[in-house]
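Work through the exercises below with the structure in view. Each task is followed by a stepwise solution.

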There are 2 protein chains.
Amino acid sequence: MTQALRLGIAGLGTVGVGVVKIIRRQAELLELRTGRPLQIVAVSARDQGKDRGVNLSGYEWETDPVALARRDDIDVFVELMGGENGPAKAAVETALATGKDVVTANKALLAIHGQALAEQAEAAGRVIRFEAAVAGGIPVIKALTEGLAGNEITRVMGVMNGTCNYILTRMQSEGLGYNALFEECAQLGYLEADPNLDVGGIDAAHKLALLAAIAFGTKPNFKGIEIEGIEHISLDDIHQAADMGYRIKLLGVAQRSARGLVQRMQPCLVPSDSPLGQLEGGTNMVVIEGDAVEQIVLRGPGAGEGPTASAVLGDICDLARGLRIPTFGQPATTLKKLPAARVGLPAPYYLRLSLLDKPGALAKIAAILGDAGVSIDRMRQYGHTESTAPVLIVTHKTTRAALDVALDGFRATDVVAGEPVALRIEQV
Amino acid sequence: MTQALRLGIAGLGTVGVGVVKIIRRQAELLELRTGRPLQIVAVSARDQGKDRGVNLSGYEWETDPVALARRDDIDVFVELMGGENGPAKAAVETALATGKDVVTANKALLAIHGQALAEQAEAAGRVIRFEAAVAGGIPVIKALTEGLAGNEITRVMGVMNGTCNYILTRMQSEGLGYNALFEECAQLGYLEADPNLDVGGIDAAHKLALLAAIAFGTKPNFKGIEIEGIEHISLDDIHQAADMGYRIKLLGVAQRSARGLVQRMQPCLVPSDSPLGQLEGGTNMVVIEGDAVEQIVLRGPGAGEGPTASAVLGDICDLARGLRIPTFGQPATTLKKLPAARVGLPAPYYLRLSLLDKPGALAKIAAILGDAGVSIDRMRQYGHTESTAPVLIVTHKTTRAALDVALDGFRATDVVAGEPVALRIEQV
């Protein structure tokens with residue numbers, strides 16, 4: 001018998017238990033595929049007494065994940081605890097320092113400390129794999145790093161937070177407001193302990209930082225991402241965007257521009273009949289564009305025990321099969337540090353204004369746009385309710401700078417009530 | 001400098017030229033990603049004098065691909081000639097016999113001879129990679145073999161012939177008949193030299209045979225596939241299926257049943273609002289379902305210079321990076337030979353009959369279905385044109401055997417004109 005790949009699994013929440021279950025249930029199949037047995041040697045979690053619905057009695061127990069990482073009878077340290085600092089980071093560093101490869105689902109850890117950890121791993125001849133950190137069960141890290149390795153990647157986009165997409169599509173389909181759906185998600189357990197990670201776009205931005213690093217050969221730069229959550233999306237915007245043939249999605253986009261690396265995670269409009277526009281509920285989708293392959297779209301469950309464990313197993317099987325590539329697809333020391341280009345490439349925008357019922361109001365709006373150099377593709381004014389009337393505008397392609405001039409103009413004029421809404425229309 | 005990976009490329013058609021272009025254009029990027037230079041040593045094609053739009057003067061030229069495969073100064077033989085027998089097969093066998101790994105885009109070769117070639121490769125310690133053979137630029141072989149290696153695959157489905165999907169979606173959108181679109185495709189060069197490979201479903205069935213082998217750990221069994229082309233799909237069926245909320249696709253499906261391995265490549269109905277139903281034009285889509293991951297959908301260009309070359313490069317980069325796994329994801333000698341279960345799992349069916357204008361005609365139809373044990377979900381009768389009236393029926397889930405009894409009943413009765421149409425509704 002070929003030598004077993006010996007695993008230590010830290011973190012026995014939903015995903016950790018899912019991984020243990022698969023390794024127990026599919027032992028024979030996994031050995032057939034990888035050519036060697038996968039052997040769980042030891043596990044680690046806080047509460048040894050808790051019933052997790054799977055038999056753990058055959059494994060050594062470590063209360064301290066760092067102690068697990070240090071054991072000399074494991075080959076791979078599987079980190080499924082989460083958290084960008086604290087025990088997860090300490091344990092991963094210890095694992096690398098003591099000669100183990102690492103498989104992790106921890107997007108926050110890698111988005112923030114990925115560069116340092118990748119350098120540590122590569123200096124030590126070790127490997128970090130993190131398929132489960134991005135878009136759950138979708139093998140997108142593999143597709144981007146390996147399958148599309150022949151491409152110069154031109155753009156990566158994704159809907160990578162299922163909770164946000166669930167809220168936005170339910171607003172659309174049920175006509176429920178954001179606050180009601182937020183409460184529903186809280187009760188269903190769809191939200192992180194800090195819900196701002198979800199609805200504020202941070203969780204999805206962690207994932208985008210990792211995709212962008214691979215796609216563009218750059219150091220992961222979470223801080224360079226322009227992040228905007230979905231808290232301010234109104235039912236009016238959802239319905240009116242739909243009327244004009246769009247859906248609103250919390251969309252992550254990374255691409256190169258002349259000024260550097262553009263990374264945005266923000267609500268955008270996408271055409272209703274595009275794959276991104278058609279994506280409903282908690283499903284994730286990643287779109288990868290390359291100079292040779294044109295466009296690849298990957299869709300699948302972004303969370304959950306089975307899908308996330310599937311991604312972890314993909315990484316474990318790769319290691320068992322001897323695949324050893326750098327964390328971000330090229331040596332960490334060769335990753336470039338590109339400036340964050342906060343102003344994205346020109347795009348059309350969706351604008352919504354509340355127009356006061358005054359003579360010449362619409363003319364003033366049109367003049368402000370014209371003076372800013374923003375030209376109008378389509379405009380709709382609806383009937384007045386009380387003293388204001390909603391006005392929707394889809395602009396032609398414009399720069400964010402020109403748009404900001406127009407928005408300042410709207411704020412300064414006496415015909416617009418409240419803050420204008422401006423959402424980018426991403427061309428897909 | 002690390003040792004170069006030395007390539008011999010046989011076949012300089014669209015794909016071969018695309019591969020040469022990428023290796024020339026992206027030399028630096030590819031070396032960064034794989035850790036070693038990719039070096040084209042020699043190429044082979046019939047006509048050395050032809051201008052292929054790329055500078056080939058730096059490469060050795062072999063007129064005979066078998067001679068190229070035999071050279072002792074290449075590590076990888078890249079077979080892009082096509083054809084299930086003849087020079088492609090001889091050259092691949094020679095390459096393996098003389099110690100080279102093989103990258104190929106040749107679905108016919110592998111669907112027919114894949115088992116023998118995989119056994120030959122593995123006995124010799126060599127590797128065959130074939131990402132470009134299935135669904136063009138979509139890295140689906142990688143997703144299935146590696147990314148989803150932790151899953152017991154339950155079903156694989158795909159729209160994998162762009163020409164067929166182009167014809168079917170244009171029938172739907174433009175109201176053009178099959179024959180007119182077939183002629184258009186012939187003029188646009190969308191058809192293989194033998195168009196039956198496309199519209200007869202054979203090309204797509206080759207791809208399905210390869211996916212099924214990986215998914216279920218079985219020997220590729222092209223002959224076990226139930227194949228039906230799109231030649232008999234009428235505009236009536238397209239429009240009437242659409243009225244009932246479906247699209248007609250040439251869909252390949254592979255899954256296990258109690259009787260063995262079900263492999264079908266045939267026109268099916270899928271819900272209009274499913275990812276498969278929404279797939280338009282020449283794009284390909286593969287749906288993979290596994291016990292852990294639930295459902296993954298991959299979408300992208302199924303043909304063309306760039307996308308197919310992208311897939312070939314993915315394989316070459318894998319070899320440069322040292323990834324060495326068995327052709328079908330587990331040792332070829334461990335692949336099982338499952339019986340072909342020609343009768344698929346129960347499903348609902350779409351039926352279209354031309355009913356003669358006789359009293360009690362519809363009652364007879366209903367009685368025939370009832371006697372066969374097939375129950376009706378929905379039925380529509382349209383007005384009579386001349387002496388017949390179209391009747392559409394969507395059945396509840398039924399076995400093919402029960403359906404065949406009903407179809408024989410329709411043929412025997414005196415109220416049905418012509419041959420009844422029966423299309424499976426695939427639940428996705």
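**Exercise 1.** Which residues lie nearest the centre of the largest pocket, and how many residues line the pocket?

Solution. The model is predicted: local features need pLDDT of at least 70, side-chain atom pairs count only at pLDDT 80 or more, and totals for chains, interfaces and linings use all residues. Residues are numbered from 1 along each chain as its sequence is written, chains are lettered from A and ligands numbered from 1 in the order in which they are written, and side-chain values use heavy atoms, without hydrogens and water.

Step 1. A pocket is an open set of points on a 1 Å grid over the protein atoms alone, where a 1.4 Å probe fits, with protein on both sides within 12 Å along at least five of seven lines; lining residues have an atom within 4 Å of a point.

Step 2. The lining has 49 residues, and Val15(A), Met81(A), Gly82(A), Lys107(A) and Glu192(A) lie nearest the centre.

Step 3. Among the elements of chain A that give two or more residues to this lining are helix H1 (14–25) and helix H5 (107–123); a helix is a DSSP run of H or I with at least four residues, numbered from the N terminus.

**Exercise 2.** From which domains does the lining of the largest pocket draw at least three residues each?

Solution. Domain 1 (5–133) and domain 2 (140–300) of chain A, with bounds from an automatic or database domain assignment.

**Exercise 3.** Which residues are closest to the centre of the second largest pocket?

Solution. Step 1. This pocket holds about 1,100 Å³ of space, a volume being the space filled by probe spheres set on grid points joined across faces, edges and corners.

Step 2. Of its 40 lining residues, Val15(B), Lys107(B), Glu192(B), Asp203(B) and Ala303(B) are the closest.
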